[in-house]
Amino acid sequence: MRQVNFVLIFVFGLSTVFFTLENTAPTTVHVLPWLQYTTPLAALLLMAAGIGATSAWLFAAWSGMLNSVERFSQASEFDAQQVRIQELETDLNRYRATVETQLGLLPSASQNDQSETEATVQISESELT
């Protein structure tokens, strides 16, 4: 991969040198009505390419910063959701214990459970014979 990168950089640099040597004609740029510059065409194109590359780099850095801020906020939301889930699981376990305790206090519930268990045992015994 390093060789490929070297070849690409070398070819780009060589083509830039050839382009600069071939385009030396002076060109006038009017920035403002009273401000104008006369420079070779190659220099103007290289400046435009440099400004474009710098702009792309700044945009990439800005986008990366925004993505990291978004990931940070999502991580904090995830932590808050995990805490809420733990609280709900604790509440659920407490409610289950309360309901089981209350069901154990009901006299009809224990009698019904015993009669259902006896009926199940009788059915199982009749199926075996």
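This is a predicted model: local features need pLDDT of at least 70, side-chain atom pairs count only at pLDDT 80 or more; totals for chains, interfaces and linings use all residues.
Me: Which residues make the nonpolar surface patch of about 810 Å²?
Reply: To join such a patch, a residue needs over 30% relative accessible area. Here the members are Phe 6, Val 7, Phe 10, Val 11, Leu 14, Val 17, Phe 18 and Leu 21. One of them, Phe 18, lies in helix H1, which covers residues 2–22.

Me: How many helices and strands does the protein have, and in what order do the elements run?
Reply: Count first. There are three helices and two strands. Then read from the N terminus: the order is α-β-β-α-α.

Me: In what sense do strands E1 and E2 pair?
Reply: Two strands pair if DSSP finds at least two bridges between them. E1 (residues 26–32) and E2 (residues 35–40) have six bridges, in the antiparallel sense. Two residues sit between these strands, and together E1 and E2 form a hairpin.

Me: Which residue in E2 is the bridge partner of Pro 26?
Reply: Pro 26 is partnered by Pro 40.

Me: What share of contacts join residues at least 24 apart?
Reply: Take contacts between residues at least 6 apart in sequence. Of these, 10% join residues at least 24 apart.

Terms used. Residues are numbered from 1 along each chain as its sequence is written. Side-chain values use heavy atoms; hydrogens and water are left out. Patches are made of residues with over 30% relative accessible area and no salt bridge: like charges are joined within 9 Å, nonpolar side chains (Val, Leu, Ile, Met, Phe, Trp, Tyr) within 5 Å. Accessible areas come from the Shrake-Rupley method with a 1.4 Å probe; for residues, only the protein chains shown count as cover. A salt bridge is a side-chain nitrogen of Lys or Arg within 4 Å of a carboxyl oxygen of Asp or Glu. Helices (H or I, at least four residues) and strands (E, at least two) are DSSP runs, numbered from the N terminus. Contact means heavy atoms within 4.5 Å.
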